[in-house]
Amino acid sequence: WRGWEGAPYSTLVPSDEVTINYRHGLPVITLMLPTRSERCQFTVKPVVTTVGGFLQDLQREDKGIERAEIFTTDGSKVSDATLMEVLLMNDFKLVINNTAYSASPPVKDKLNSEHATEMEDIKSLVHRLFVALHLEDHQIRKERELLQKVDHLKEELLPLEQMKARIMDSADAKTSRLLWVGLALMSTQGGALAWLTWWVYSWDIMEPVTYFITYGSAMAFYAYFVLTKQDYIYPHAKDRQFLHYFYRKSKKQHFNVERYNKLKDDLAQTEESLRRLHQPLHLRLPIQEISDKD
């Protein structure tokens, strides 16, 4: 008899030389080892063990096995990466050295779609049980990590917050002084125009002066819009001047604004993660119990 791929085999052993039975839900393959002349049982895990792993187990058990391969009934070689679960769905040929063994898995134990669905349901149930049993430990560990991160970020932010407060006080004071100076200048300008109008010159002379002063003010406001792309609104102008003083003072005192903002964002994200961890849906607790704890 001539085997697959033109390889000559001396004998074709009947199927009773290789038996496959299921014990405790696992397939047990029993066969005769060629050099030891004794039957040996191999229990395989079909969803984990591959054909290559099974063949390696054969060669480890019997050092006299030089060649071990598996073929389908039509002569196609089965890949070593194929799972035993797939192999045991149909009959196959086990070739050891020059002997071919015919194997027929029990029909009642073949994996069908209904069995596969049941297995998936069991796996899903086991996963849910594992999550339920280990959820509390995972949440406690996660909460501890988040709390440690919050404390670490607050320690880093503390000196920056103190420096920022000093810089903001200085910038706010300078901005307030600038506003008061502006009010003083406008008051002085109004008083000077009134004095020139009623005591020095007449309105006929001062009217063109006030017109050009007004026109000059309009030009100044328009120039502000061209430079800043914003209307000259007093609160916006005050905030802009405050930021100008703040960044100039920060540069002098080496206050890293970007690092401060990054730490603030990290702290906000960490606190949000901690808040979400304490939500009832994550803790699997009713709303009322959470409220009572708070």
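Biologist: Hi! Which helices each supply at least two residues of the lining of the largest pocket?

Modeller: In this predicted model, those are H3 (113-200), H4 (203-228) and H5 (234-252).

Biologist: And which helix gives the most?

Modeller: H3 does, with 9 residues in the lining.

Biologist: How much space lies in that pocket?

Modeller: The largest pocket holds about 770 Å³. It is lined by 19 residues, and the closest to its centre are Gly182, Met186, Phe221, Tyr232 and Tyr234.

Biologist: What's the lining like by class?

Modeller: You get 12 nonpolar residues, 5 polar ones and 2 charged ones.

Biologist: OK, switching to the strands. In what order do they sit in the open sheet?

Modeller: The order is S2-S3-S4, with antiparallel pairing across the 3 strands. The twist from one strand to the next averages 30°.

Biologist: Why is one side of S2 and of S4 left without a neighbour in the sheet?

Modeller: S2 (19-23) and S4 (38-43) are at the edges and each has a single partner strand, so one side of each has no neighbour there.

Biologist: How many bridges join S2 to S3?

Modeller: There are 5 bridges between S2 and S3 (residues 26-33), and the two strands run antiparallel. If you want a spot to look at, find threonine 19, which stands opposite threonine 30 in S3.

Biologist: Last one: which strands does H1 lie across?

Modeller: H1 (residues 51-61) lies across S3 and S4. Relative to S4, H1 runs at about 145°.

Terms used
Residues are numbered from 1 along each chain as its sequence is written. This is a predicted model: local features need pLDDT of at least 70, side-chain atom pairs count only at pLDDT 80 or more; totals for chains, interfaces and linings use all residues. Side-chain values use heavy atoms; hydrogens and water are left out. Two strands pair if DSSP finds at least two bridges between them. Helices (H or I, at least four residues) and strands (E, at least two) are DSSP runs, numbered from the N terminus. Axes are lines fitted to C-alpha atoms, for helices over the stretch in contact, and angles run from 0 to 180 degrees between N-to-C directions. Contact means heavy atoms within 4.5 Å. On a 1 Å grid over the protein atoms alone, a cavity is a set of points where a 1.4 Å probe fits but cannot get out, and a pocket is an open set with protein on both sides within 12 Å along at least five of seven lines; lining residues have an atom within 4 Å of a point. Grid points are joined across faces, edges and corners, and a volume is the space filled by probe spheres set on the points. Ala, Val, Leu, Ile, Met, Phe, Trp, Tyr, Cys and Pro count as nonpolar, Asp, Glu, Lys and Arg as charged, and the others, Gly among them, as polar.
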